[in-house]
Amino acid sequence: MKYAYRNGIILTGEEDMEPLQGLRLLTDGDRIVAIEPDSGDVPGYETVDLQGKYLMPGLVNLHVHIPGSGKPSKATSDTKTVVKLLSSTALTRRIIQAMVENNAKAALMSGVTTMRAMAGVLDIDGKVRDRGEKGEIASPRIISANMAVSVPGGHMAGSLAYEAHSAEEAAACARRILDGGADVLKLMITGGVMDARVKGEPGELKMPPEYVKAACDVAHERGLKVAAHVESPEGVRVALENGVDTIEHGAKPDAEILRLFKERGAALVATISPALPYALFDRSLIGATEAQQFNGRIVFDGIVECAKACLEAGIPVGLGTDSGCPYITHYDMWREVNYFRKYCGVDARFALYTATLRNAAIAGVGDDTGSLRVGKCADMLVLRSNPLESLGTLRNPAMVIRAGKIYKNPKVKKVEKIEQELDKYL
Ligand SMILES: [Zn+2]
């Protein structure tokens, strides 16, 4: 299919983007083939009249857990048992796959055209990625870690992550995951907010440094990157010293940590969305203890301070929502972009650039997507008003285009209760 997008205002997604008027953008199949002065309809191309709306690159979400819905559940349910049960038979695996496909579609309809799946059930995220690539389902481009590597008692151990008992086993787990078709390796190096039992100790180091190194070596030998869940300064140091390429979440950095980021060419993937409910909600809503909320605040502040310090030091900072966590749905990437503006002190332009081209580059696909340039994949969004003036317009895109395929008036079924709570923090 060939389309000529006319009468729109173009935002390229680049760092210095300005609204561009008087241009038309042509797509042929999945590619952008021209951005040129708009002199009318083009023979052989179906015209898409944008009627003054804004055309920009689709959003890139660097951190999602596709199987999770984001619906808050009061009971701290035993994820390990639930996942074990659900992945035990072909029928239940098909049910999980249907859930993953449903959530991937919701993400796409909300304007996310690329996402990094940062731990799921078995290799199901990879299967859904492949179905999306073949055009069998409506899905963003998925860069999948499939399962992660953790340690006994570590974050998501036994549910979305294998447990390694030694450095050799960490390497073996990494090989098994990458042999199974993962695009990126995910490690769980520290605990999470809800794992911590002691006040003041979120993100306790769980994975020994030699495990981290062994697993990173396996991925790097294959030319693949390593992302790691890290929520304490000690964890960030261990991750960077042993080869991790992207620090997921982050923690309050010192000069040594910033030096390591630079020396290793690593990036930070900030995730303000999942930390916010633990830090700022009434804790009865999330079923957190006082200690968990106290730790949640440390993690929230750590993520924000890490992002700010990295930006100041010229270290790339990307964004992810951690969707699947309580209150974090698959259609709320726009909130993360807005939180980044609000809490990290950047302007709307830089937030948009981060959520598109910079995120794509951090994910390793910046040459193919993330900005509107001739030759790139036609992953795009149409907005009713100028997002540089108000990022809130990202909430309901008028159109989503994934690899050239158009979804007009995309619909997402939203959970009203979650919308109401989160809208307090716009
Ligand atoms: Zn996560």
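**A parallel sheet, a helix and a domain boundary**

In this predicted model, three strands make up an open sheet with the order β7-β8-β9, and their pairing is parallel. The edges are held by β7 (59–64) and β9 (141–144); each has a single partner strand, so one side of each is left without a neighbour in the sheet. On average, neighbouring strands of this sheet are turned by 15° against each other, direction ignored. Strand β8 (residues 112–117) is joined to β9 by four bridges. Methionine 115 has isoleucine 142 of β9 as its bridge partner. Across β8 and β9 lies helix α3 (residues 124–133), which runs at about 150° to β9.

Turning to helix α6 (residues 233–241), its buried residues are Pro233, Gly235, Val236, Val238, Ala239 and Leu240. Just after α6 comes glycine 243, with a positive phi of about 115°.

At the level of the whole protein, the chain is divided into domain 1 (2–57 + 369–425) and domain 2 (59–362). The centres of domain 1 and domain 2, taken over C-alpha atoms, are 27 Å apart. Contact between them involves 28 residues of domain 1 and 35 residues of domain 2. On the side of domain 1 that touches domain 2, β18 (399–402) and α13 (416–422) each contribute at least two residues. Helix α13 gives the largest share of this side, three residues. By residue class, this side of domain 1 comprises 16 nonpolar, four polar and eight charged residues.

Notes. Residues numbered from 1 in each chain as written. Predicted model: local features only at pLDDT ≥ 70, side-chain atom pairs only at ≥ 80, totals over all residues. Domains from an automatic or database assignment. Contact = placed C-beta atoms within 7 Å. Nonpolar A, V, L, I, M, F, W, Y, C, P; charged D, E, K, R; others polar. Buried ≥ 20, exposed ≤ 12 C-beta atoms within 10 Å, placed from the backbone. Pairing = 2+ DSSP bridges. Axes fitted to C-alpha atoms, helices over the stretch in contact; angles between N-to-C directions.
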